[in-house]
Number of protein chains: 2
Amino acid sequence: MKAEQAATLLARTPLFAGLDASELLALGACAGRRTYQKGEHIFHQGDTGDAVFVLAEGRVKVIFASPEGDEMILATLQPPDVFGELALIDGGPRSASIQTLEPTTVLTLTRATLLELIARHPAVTDLVLRSLGRLVRRMMAQAGDLVFLDLHGRVAKLLLRMIEDRAAHSDGRPSLELRLTQSDLAAMVGGSRQSVNQILHHFERRGYLRLKGQTVIVQDLEALRRRAGS
Amino acid sequence: MKAEQAATLLARTPLFAGLDASELLALGACAGRRTYQKGEHIFHQGDTGDAVFVLAEGRVKVIFASPEGDEMILATLQPPDVFGELALIDGGPRSASIQTLEPTTVLTLTRATLLELIARHPAVTDLVLRSLGRLVRRMMAQAGDLVFLDLHGRVAKLLLRMIEDRAAHSDGRPSLELRLTQSDLAAMVGGSRQSVNQILHHFERRGYLRLKGQTVIVQDLEALRRRAGS
DNA sequence: AAACGTGAGTAACGTAGGTCACGCTGCAGT
DNA sequence: ACTGCAGCGTGACCTACGTTACTCACGTTT
């Protein structure tokens, strides 16, 4: 029952999509399930971790913090994203914290069950490699943006990226329900809340987009792209 | 002959250190060898690549460039560092360029011979995973530094990092032969050449270090650490 | 020697963007 | 109804850095 639900979720992830039905069921049976309220931490940077998580419901943010306590948001995740692989593969501490943005439920897979899975299905290793590869490329792009683009560019790029994979195209114009505070946006681009506020309004004044509470309706995608340098 | 030299080099890399002597010899025999002059490119960002390189002699810099042509130096490598794994594991384009800083010779291992190796020694996969994991962590730290630290902090941190793994402790005081121009240093911390110049002299005036051409003698490690926020 | 290129050192100036310090709104709890 | 509190909107500063534009000290080449 639960295992079946879990299996259908797992089937949607790039990591486990290749497995056959029986294998998915077995994996789903091994998976734990946890629920969190809005604002809770699933794990903290620096923890030792031996589990991978599959997001079943709700959204979370990935937070990288400096020793001084400043925080930078590396990404927001939504089902069926997977997180926590990094600490697992090298046994090191968790490199970032995970905090829920909404009531959330996740599946947990322990290192042991994954090793077992890999023993039976060597192809999974390749998928893990690819997912890590994507991570490296994303982080390189992030670092590049921080040195090559000004804050306007980074905000524009962030909006474009979020539109790419979360857009609801209501009536032609791509509209984006952020469901993030401006403080969160600021932490994603490495700027201050105030500057992000200014920049959003700047874009609105120029006619690139319209702001309505926490949703953004993009009017001029091309202008945004230009401003993002791409 | 050549294969033996290659084998001893491979044995020093973390990736292949675990292999037994005969396996190393076989691998060394499969390896190609190339030499470059100072300033040449070994490959370019965007190329399609199906080889991994092992640095045998000389130093290289890893360059990440923006579409507009601005460049950021992600790292400098020295023997027995390995590079080029990323494009190999996911078949994607090379994510950065490699340019030699000195006359350089490298070994090349094709995708085919590596797949073969992995088939015989599954443990190698784990090492590849770990090396990718290190890469992700390094890039996250890099991105974090860019948002959390000011330029002074990033320069201090860069010096500390280079001292860590390249220091010649002449007479107690750690001394560091950079063999990099200030322009290169600037590209490593995401600043302008002039600012880096100023900051180095600022540190010298404060007594943190002494500058002598391209070598840096650190006088007050603790002060540098403080300035780097760690 | 003259000419040229490369790397280092300085200074003047402008500005992107951080910080501080407000006020406003809407909502949850008592 | 009153009191927080979270999120947004805006203004007045101030400063860290980039940019531009020189100079000087070297090697190398012609």
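Guide: In this predicted model, a residue is near a strand if its C-beta atom, placed from the backbone, lies within 6 Å of it.

Visitor: Which residues come nearest to DNA strand D?
Guide: There are 15 residues around DNA strand D. Both protein chains supply the nearest ones. They are Thr181(A), Gln182(A), Asp150(B), Gly191(B) and Ser195(B).

Visitor: Which elements give two or more residues to the surface near DNA strand D, and which gives the largest share?
Guide: Chain B gives α6 (151–166) and α8 (193–205). Chain A gives α7 (182–189) and α8 (193–205). The largest share, three residues, comes from α8(A).

Visitor: How many residues of the surface near DNA strand D are nonpolar, polar or charged?
Guide: Two are nonpolar and one is charged. The polar class has twelve.

Visitor: Which element gives the most to the side of chain A that touches chain B?
Guide: The contact takes 30 residues from chain A and 30 residues from chain B. On the chain A side, α3 (85–90) and α5 (123–148) each supply at least two residues. With 17 residues, the top contributor is α5(A).

Visitor: What relation superposes chain A on chain B, and through what surface do the copies meet?
Guide: A rotation of 180° with 0.0 Å of shift along its axis does it, at RMSD 0.0 Å. That is how a two-fold axis relates copies. Of the interface residues of chain A, 100% are also interface residues in chain B, so the copies meet through the same surface.

Notes. Residues are numbered from 1 along each chain as its sequence is written. Chains are lettered from A and ligands numbered from 1 in the order in which they are written. This is a predicted model: local features need pLDDT of at least 70, side-chain atom pairs count only at pLDDT 80 or more; totals for chains, interfaces and linings use all residues. Copies are superposed by least squares on the C-alpha atoms of residues with pLDDT of at least 70 in both. Two residues are in contact if their C-beta atoms, placed from the backbone, lie within 7 Å. Helices (H or I, at least four residues) and strands (E, at least two) are DSSP runs, numbered from the N terminus. Ala, Val, Leu, Ile, Met, Phe, Trp, Tyr, Cys and Pro count as nonpolar, Asp, Glu, Lys and Arg as charged, and the others, Gly among them, as polar.
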